[in-house]
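Q: Can you walk me through this protein? I'd like to go piece by piece.

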Amino acid sequence: MFRTFSTTLLKRLEGKICVVTASSDGIGFAIAKRLGVEGAKIVVSSREQANVDEAVNLLKKQGISDVLGVTCHVAKENDRTKLFDETIKKFGGIDVLVSNAAVNPAVCSVLQSSEEAWDKIFDVNVKASYLLAKEVKPYIIERGGGSIVFISSIGGYQPFDLLGAYSVSKTALFGLTKAASLECVRDNIRVNCVAPGVIETKFSSALYTTEAAKEETLNTIPMRRLGKPDEIGSVVAFLVSDDASFITGECIVAAGGAASRL
Ligand code: NAP
C-alpha cells in the first residue's frame with residue numbers, strides 16, 4: 001500500500017537550486033515539494049500567476065522556505081528567459097532542471113490527429129524540453145555540474161489508443177534523454193527521464209473518473225491501482241541526488257508494473 005513520505009526522511013539536496021516547470025499542480029507540484037523537503041531551493045512555475053502564487057504558499061506552509069514562483073509558458077521564449085533570469089537573480093545559480101510540462105489537445109489515435117494538434121503537442125512536450133535543456137546547460141556548467149530530468153510517460157513505451165500523438169511525443173523524450181546525456185556527460189551534467197504510469201491528477205482524470213474508465217485503466221496496471229504524484233516526486237529526488245551519481249541517459253518507469261518495452 002502507498003504511504004506518504006516522512007518530512008524528516010532525507011536531506012540529499014541541501015543547497016541545490018532546482019527549477020521545475022509546470023509545477024503549480026499535479027506531478028510537477030509533488031516533485032517541487034519533494035525536492036524542497038529534501039533541502040533544495042525551489043523555483044515553481046506554470047502559466048497562470050494565481051496558480052503559481054497558490055503553489056508557493058502551499059510549499060511555504062509545508063516548511064519549504066526557499067521558494068520562488070515565476071510564471072512560464074514553456075513554449076514561449078521570453079517566459080523561459082524570465083524563468084532562468086529570475087532564478088539567477090534570487091538564488092545565484094541553477095543545479096537542476098525538471099522539464100515536466102506537457103499538453104494533449106487531441107483525444108484520438110495518432111493518424112487521426114490534426115496537424116495543428118500534432119504541432120502543439122510537439123512544441124510543448126518535445127521542443128520546449130529540448131530548448132529548456134539547451135538554455136539551462138550553461139547555468140548548470142557554471143555550477144560545476146548538475147542534473148536534468150525529462151518527465152515522459154508510460155505512453156511513450158505503450159501508446160495510449162486515444163492519446164496517439166501525445167504518446168509519440170513522449171517516446172521522443174527517450175531519444176532526447178539519450179542524446180543529451182551523451183552530449184552533457186563531459187560537463188558533469190546527468191540527463192535522465194521518468195516515465196510515470198497513470199497518476200491521479202487532473203491531466204489523467206478521464207482515465208479514472210467513471211467506473212468503466214477506471215476498470216479499463218486498472219486492467220493495464222498489474223498493481224491494480226493508480227499512482228500518486230508523490231510517487232513520482234520521490235523518483236525524481238533520487239535521480240537528481242548523489243544517490244544516482246552513476247546514472248545518466250536512463251529512464252525510470254514508475255507505473256505499477258504496466259508494460260514498458262518499446
Ligand atoms: P496536471 O495535474 O494537469 O498539471 C499540469 C500543470 O502544468 C499545472 O501546474 C499547469 O498550470 C501546468 N501547465 C500546463 N501547461 C503548461 C505550459 N504550457 N507551460 C507551463 N506550465 C504548464 O498534469 P500532470 O498529470 O501532473 O502531468 C505532468 C507531467 O506528467 C506531464 O508531462 C504529463 O505528460 C506527465 N504524465 C502524467 C501522467 C498522469 O497520469 N497524470 C502519466 C504520465 C505522464 P497552469 O495551468 O498554471 O499552466
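Q: Which residue stands opposite Cys193 in strand 7?
A: Cys251 stands opposite Cys193 there. Keep in mind that this is a predicted model, where local features need pLDDT of at least 70 and side-chain atom pairs count only at pLDDT 80 or more, while totals for chains, interfaces and linings use all residues. Residues are numbered from 1 along each chain as its sequence is written, and side-chain values use heavy atoms, with hydrogens and water left out.

Q: How do strand 6 and strand 7 pair, and over how many bridges?
A: They pair in the parallel sense over four bridges. Two strands pair if DSSP finds at least two bridges between them. Strand 7 covers residues 251–254. Helices (H or I, at least four residues) and strands (E, at least two) are DSSP runs, numbered from the N terminus.

Q: Which strand pairs with strand 6 over six bridges?
A: Strand 5, residues 146–151, and this pairing is parallel. Gly146 of that pair stands opposite Ile189 in strand 6.

Q: What comes with strand 5 and strand 6 in the β-α-β unit?
A: Helix 5, residues 164–184, and the unit is right-handed. Right-handed means that, with the strands pointing away from the viewer, the path from the first strand over the helix to the second runs clockwise.

Q: Is strand 6 mostly covered or uncovered?
A: Mostly covered: eight of its eight residues, 189–196, are buried. Buried means under 20% relative accessible area, exposed over 50%, and partly exposed in between (1.4 Å probe, protein chains only).

Q: Which residues of strand 6 are on each side?
A: One side has Ile189, Val191, Cys193 and Ala195, and the other has Arg190, Asn192, Val194 and Pro196. Both faces are covered. In a regular strand the side chains alternate between the two faces of the sheet.

Q: Zooming out, how many helices and strands does the protein have?
A: Seven helices and seven strands. From the N terminus on, the elements run β-α-β-α-β-α-β-α-β-α-β-α-α-β.

Q: How compact is the protein?
A: The radius of gyration is 17 Å, close to the 18 Å that the globule rule gives for 262 residues, so the protein is as compact as a globular protein of that length. That radius is taken over C-alpha atoms, and the globule rule is 2.2 Å times the number of residues to the power 0.38. The C-alpha trace spans about 50 × 40 × 40 Å along its principal axes. Of the 262 residues, 52% count as buried.

Q: Back to strands. Why is strand 2 called largely enclosed?
A: Five of the six residues of strand 2 (residues 41–46) are buried, so the rest of the structure largely encloses it.

Q: Which residue in strand 2 does Ile17 stand opposite?
A: Lys41. Strand 1 (residues 17–20) runs parallel to strand 2, joined by four bridges. With helix 1 (residues 26–37), these two strands make a right-handed β-α-β unit.

Q: And what is the bridge partner of Ser46 in strand 3?
A: Thr71 is the partner. Five bridges join strand 2 to strand 3 (residues 67–71), and the two run parallel.

Q: Changing topic: how many salt bridges are found in the whole structure?
A: The search finds 14. A salt bridge is a side-chain nitrogen of Lys or Arg within 4 Å of a carboxyl oxygen of Asp or Glu.

Q: Which residue does Glu183 meet in a salt bridge?
A: Lys137, at 3.5 Å, N to O. Glu183 lies in helix 5 and Lys137 in helix 4, so the pair ties together parts that are 46 residues apart in sequence.

Q: Are those two buried or exposed?
A: Glu183 counts as exposed, at 56% relative accessibility, whereas Lys137 is buried, at 17%.

Q: What about Glu250, which residue does it form a salt bridge with?
A: Lys178, with the closest N and O atoms 3.8 Å apart. Glu250 lies in the loop between helix 7 (230–240) and strand 7 and Lys178 in helix 5, so this pair ties together parts that are 72 residues apart in sequence.

Q: Which residues are linked in a network of salt bridges?
A: Arg12, Arg34, Glu38 and Asp243.
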